[in-house]
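Please open the structure in a viewer and keep the sequence panel at hand.

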Amino acid sequence: MTRKRRCAALAVTTALLGTGVVLTAPPGVAAPVRAAAPVAEAAASATVVGETWLDARTVDLTIASPAVGAALPVRVVLPTGYAAHPDRTWPVLYLLQGAHDDYTSWTRETDVVDFLAGQDVLTVMPSSGPTGIPTDWWNYGSADAPDYETFQVEELMGVLQQRFRAGTKRAVAGVSTGGYGALAFAARHPGTFGAAASYSGILDTTALGMPTVLNAIVAREQLLPLTLWGSYLLGRENWNRHNPYAQARALQGTGLYISQGSGLPGGDFGNLEGALLEGTLWAQAHRFTARLDALGIAAQVHLYSGGAHAWPNWRQEFKASWPTLAKGLGLS
């Protein structure tokens, strides 16, 4: 964990405790082919305004999003067989960033590009904004409030269908606030994602201490906490609409993988702040998984002793969750 992200973890824990456009493909890779499949109407006006190839399989897009009202970066990683099968469509794996990070985090912190090379999946890592919370913001009821959920679930998928032959099968996974997004997307859009995985995610946003965590994440980016979903007390209905715990019944039929460490005691003393933060999420993870049990919803759950809110744990958990994700993508 870098110094910046350690400071972010400490800030949340403390709160709890008191365009140039490049449109050519790299050599040896076929240019993206537009799919014949229809594109979601909501995505029709999302436009690619920048495209930069980093290597033969990895491309960074800049997408002008009407839902967010901004141009946002997205990293796309192609399967190794992409160019050799110009008529094939591909399932899509979303990998969501954590708080105060960005869309490059998964390729920066993991070997996901190599791990997924032969897995026949189109992998996409979209920006979730500075807070890393992929949701439709309330912003006092403003019609112009940024809607990262529509951008990622609808607009982005339309672009992927047009430019990279994305198919209809999808799975989503994320770390921290991205873990929240993975389960929130799956619950709020039933049947859209065949599988969802959360690694140290905020899965019960109204559990004891969790509104404080979310408010601290928002405030750290110099935004007013009320702009997220409104007042926790006066806007409880809106909070519940965005709460995976409250919407858990809609997860029936989705392949689920949920992991969470206990942090301290027994945590990573080389990353004290990360271990403390992981511990603050422990109780709500138990509450969420107990809710799934009560509803009779199957999930693969790994609640482990120790650990920290950091990539060394999440790298392991992603690989452990791959069979669940692959099944949801129709790959096994």
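What follows is a sequence of selections, each with a short account of what is found there.

**The whole chain.** Begin with everything displayed, bearing in mind that this is a predicted model. The protein chain has 332 residues, of which 54% count as buried. Shown as a cartoon, the chain comprises 10 helices and 9 strands. Switching to a surface display brings up an accessible area of about 13,300 Å², and 54% of that area belongs to carbon and sulfur atoms.

**The largest nonpolar core.** Next, select Ile-63, Val-76, Tyr-94, Leu-122, Leu-160, Phe-164 and Leu-251. These residues have the most contacts inside the largest nonpolar core, which has 60 residues. Colour helix α4, residues 148-164, as well: this helix gives the most to the core, with 8 residues. A separate core of 22 residues lies apart from it, and includes Val-112, Leu-116, Met-125 and Ala-171.

**Val-76 and Thr-58.** Centre the view on Val-76. Leaving out residues up to four places away in sequence, Val-76 touches Arg-57, Thr-58, Val-59, Leu-61, Leu-122, Thr-123, Val-124 and Leu-160.

From there, move to Thr-58, which is found in strand β2, residues 58-65. Is Thr-58 buried or exposed? Its relative accessibility is 5%, so Thr-58 counts as buried, the cut-off for that class being under 20%. Apart from neighbours within four places in sequence, Thr-58 is in contact with Thr-52, Trp-53, Arg-75, Val-76, Val-77 and Val-113.

**Salt bridges.** The whole structure contains 12 salt bridges; a few are visited here.

Select Asp-120 and Arg-88, whose side chains meet in a salt bridge with an N to O distance of 3.6 Å. The two residues are 32 residues apart and link distant parts of the chain: Asp-120 is in the loop between α3 (112-115) and β5 (122-126), and Arg-88 is in the loop between β3 (70-77) and β4 (90-96). Asp-120 is partly exposed at 27% relative accessibility, and Arg-88 is partly exposed at 31%.

Now select Arg-188 and Glu-149, which form a salt bridge whose closest N and O atoms are 3.0 Å apart. This pair also links distant parts of the chain, Arg-188 lying in helix α5 (residues 177-188) and Glu-149 in helix α4, 39 residues apart. Arg-188 is partly exposed, at 26% relative accessible area, whereas Glu-149 is buried, at 6%.

A further stop is Arg-220 with Glu-221, where the side chains meet in a salt bridge of 3.8 Å, N to O. Arg-220 has a relative accessible area of 28% and is partly exposed; Glu-221, at 25%, is partly exposed.

To finish this section, select Asp-101, Asp-102, Arg-108 and Glu-109, which are linked in a network of salt bridges.

**A nonpolar surface patch.** Finally, return to the surface display and select Trp-138, Tyr-140, Leu-224 and Leu-226. Together these residues form a nonpolar patch with about 400 Å² of accessible area. Where in the chain is Leu-226 found? Leu-226 is in the loop between α6 (210-220) and α7 (236-241). Its relative accessible area is 38%, so Leu-226 is classed as partly exposed.

Technical notes. Residues are numbered from 1 along each chain as its sequence is written. This is a predicted model: local features need pLDDT of at least 70, side-chain atom pairs count only at pLDDT 80 or more; totals for chains, interfaces and linings use all residues. Side-chain values use heavy atoms; hydrogens and water are left out. A nonpolar core is a set of buried Ala, Val, Leu, Ile, Met, Phe, Trp, Tyr and Cys residues joined through side-chain atoms within 4.5 Å. Buried means under 20% relative accessible area, exposed over 50%, partly exposed in between (1.4 Å probe, protein chains only). Helices (H or I, at least four residues) and strands (E, at least two) are DSSP runs, numbered from the N terminus. Contact means heavy atoms within 4.5 Å. Accessible areas come from the Shrake-Rupley method with a 1.4 Å probe; for residues, only the protein chains shown count as cover. Patches are made of residues with over 30% relative accessible area and no salt bridge: like charges are joined within 9 Å, nonpolar side chains (Val, Leu, Ile, Met, Phe, Trp, Tyr) within 5 Å. A salt bridge is a side-chain nitrogen of Lys or Arg within 4 Å of a carboxyl oxygen of Asp or Glu.
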